[in-house]
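Here is a quick walk around one protein model, written for someone meeting it for the first time. Have a look at the sequence and the structure, then read on.

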Amino acid sequence: MGVEVKPVSTLSERASYDVADFAVPTGREEEWRFTPLRRLRGLHDGSAKADGKIVLEVDAAPEVTVETVGRDDARVGSGYVPTDRIAAQAYSAFTTATVVTVPREAIASTPTVLRLRGEDAGHAAYGHTTVIVEPFAKATIVLDHSGSATYADNVEFLVGEQAKLTVVSVQDWADDSVHVSHQHARLAKDATFTGFNVTLGGDLVRIRPSVSYHGQGGDAELYGVYFVDAGQHLEHRLLADHSVPNCKSRVDYRGALQGEAAHAVWIGDVVIRAEAEGTDTYELNRNLVLTDGTRVDSVPNLEILTGEVAGAGHASASGRLDEEHLFYLQARGIPASDAKRMVVRGYLNQIVQRIEVDELRERVEAAIDAELAR
């Protein structure tokens with residue numbers, strides 16, 4: 001397939017399944033300028049051989065089918081074309097893919113959990129997951145990443161007419177892991193997609209959630225929570241591409257940072273094309289800096305090509321703990337360390353409490369408490 005060049009100046013300007021259609025990043029490109037390429041272990045330049053392995057364990061809802069298929073399965077790659085070199089490399093290098101299907105009008109009674117575990121960060125692995133939610137169906141999917149890995153993958157969500165899909169992706173890798181992933185949701189008419197990214201572990205993690213609309217009435221909500229420790233690089237790059245009328249997107253990502261050289265990157269890109277009249281969109285990123293020596297790069301981008309929108313806005317804020325909040329709690333006999341923990345938990349829990357999987361929500365809360373106790 002040839003290169004598809006998009007007619008607007010987004011951060012994902014070209015799309016192709018072929019690695020050769022993307023130049024090797026140098027770090028001077030807009031889409032790579034915040035990413036420490038030397039820490040990608042060759043995922044970006046073709047030198048990372050596909051000699052590693054990710055172990056997959058599945059706990060599927062009874063109404064949901066999960067299959068392992070080959071590269072020739074027509075469903076794989078049907079909802080997403082890679083938009084950067086690592087995504088194209090992952091698409092070219094995977095050997096088997098996971099296909100999750102929620103049948104038409106089915107209401108999944110329990111979440112379907114895909115546990116992906118790495119066992120050796122010294123060897124690279126590539127993966128692909130396709131989730132198909134047929135019209136009028138409803139399901140929750142959990143992607144739970146753990147262990148040690150050097151891993152690049154693509155995840156595509158095809159959400160049918162009036163279907164509803166909730167996805168919770170947890171990046172709880174070991175400290176030596178590198179993970180680069182593109183997660184794309186393709187929404188049909190009146191489809192609803194709610195996506196959560198919880199990123200806690202790993203040496204370098206770069207997640208690219210994106211949404212495209214293929215029928216009026218599509219509704220996407222993208223939420224994220226991340227906690228960056230000393231030396232970690234956690235990066236989230238989002239794109240909501242509004243190309244049809246009367247669709248909606250909401251983005252709310254919140255992070256906390258502590259320790260020397262902790263680095264958080266958040267890029268929020270929203271495009272409202274000329275034909276997307278009636279679009280309603282808003283994106284927000286907030287970062288809480290807990291210690292000196294950290295770095296935050298937060299860049300909201302809003303490109304509007306029509307004057308007929310229902311609403312469009314963005315905001316970004318990064319700062320330290322509010323001393324007045326801490327003083328208020330300490331004045332009532334709460335020790336300083338407990339006061340700090342309460343404020344940070346309250347700030348992040350505004351997102352965490354939206355996760356409707358009880359066990360997972362409690363696990364994330366415990367992980368945040370453990371981070372604060374360091």
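## A first look around

Glu-119 is exposed, with a relative accessible area of 54%. Here "exposed" means over 50% relative accessible area, "buried" means under 20%, and "partly exposed" is in between (1.4 Å probe, protein chains only). This is a predicted model, where local features need pLDDT of at least 70 and side-chain atom pairs count only at pLDDT 80 or more, while totals for chains, interfaces and linings use all residues. Residues are numbered from 1 along each chain as its sequence is written, and side-chain values use heavy atoms, with hydrogens and water left out.

Back to Glu-119, which sits in strand β6. Strands (E, at least two residues) and helices (H or I, at least four) are DSSP runs, numbered from the N terminus. Setting aside residues up to four places away in sequence, Glu-119 touches Lys-53, Val-55 and Ser-148; contact means heavy atoms within 4.5 Å. Its C-alpha atom is separated by 30 Å from that of Leu-158, 39 residues apart along the chain.

## Salt bridges

How many salt bridges does the count come to? It comes to 19, taking a salt bridge as a side-chain nitrogen of Lys or Arg within 4 Å of a carboxyl oxygen of Asp or Glu.

| Pair | N to O distance |
|---|---|
| Arg-39 and Asp-203 | 3.1 Å |
| Arg-363 and Asp-172 | 3.4 Å |
| Arg-250 and Asp-280 | 3.1 Å |

Take the pair of Arg-39 and Asp-203, joined in a salt bridge. This pair links distant parts of the chain, 164 residues apart: Arg-39 is in the loop between β2 (14-15) and β3 (54-59), and Asp-203 is in the loop between β10 (192-199) and β11 (204-213). Arg-39 has 22% relative accessibility, so it counts as partly exposed.

Next come Arg-363 and Asp-172, with their closest N and O atoms 3.4 Å apart.

Because Arg-250 lies in strand β14 (residues 248-257) and Asp-280 in strand β16 (residues 280-289), the pair ties together parts 30 residues apart in sequence. Arg-250 is partly exposed at 25% relative accessibility, and so is Asp-280, with a relative accessible area of 23%.

Salt bridges can also form a network: Asp-84, Arg-206, Arg-208, Glu-235 and Arg-237 are linked that way.

## A helix under cover

Is helix α1 mostly enclosed or open? In α1 (residues 85-93), 8 of the 9 residues are buried, so the helix is largely enclosed by the rest of the structure. The buried ones are Arg-85, Ile-86, Ala-87, Ala-88, Gln-89, Ala-90, Tyr-91 and Ala-93. Their cover includes β6 (112-133), β7 (138-159) and β9.

Leaving out residues up to four places away in sequence, Asp-229 touches Gln-258, Ala-262, Glu-371 and Arg-374. On the same terms, Ala-230 touches Gln-258, Gly-259, Glu-260 and Ala-262.

## One more loop

Glu-275 is in the loop between β15 (263-272) and β16. With a relative accessible area of 44%, Glu-275 is partly exposed. Apart from neighbours within four places in sequence, Glu-275 is in contact with Ser-243, Val-244 and Pro-245. The C-alpha atoms of Glu-275 and Thr-306, 31 residues apart along the chain, are separated by 7.3 Å.
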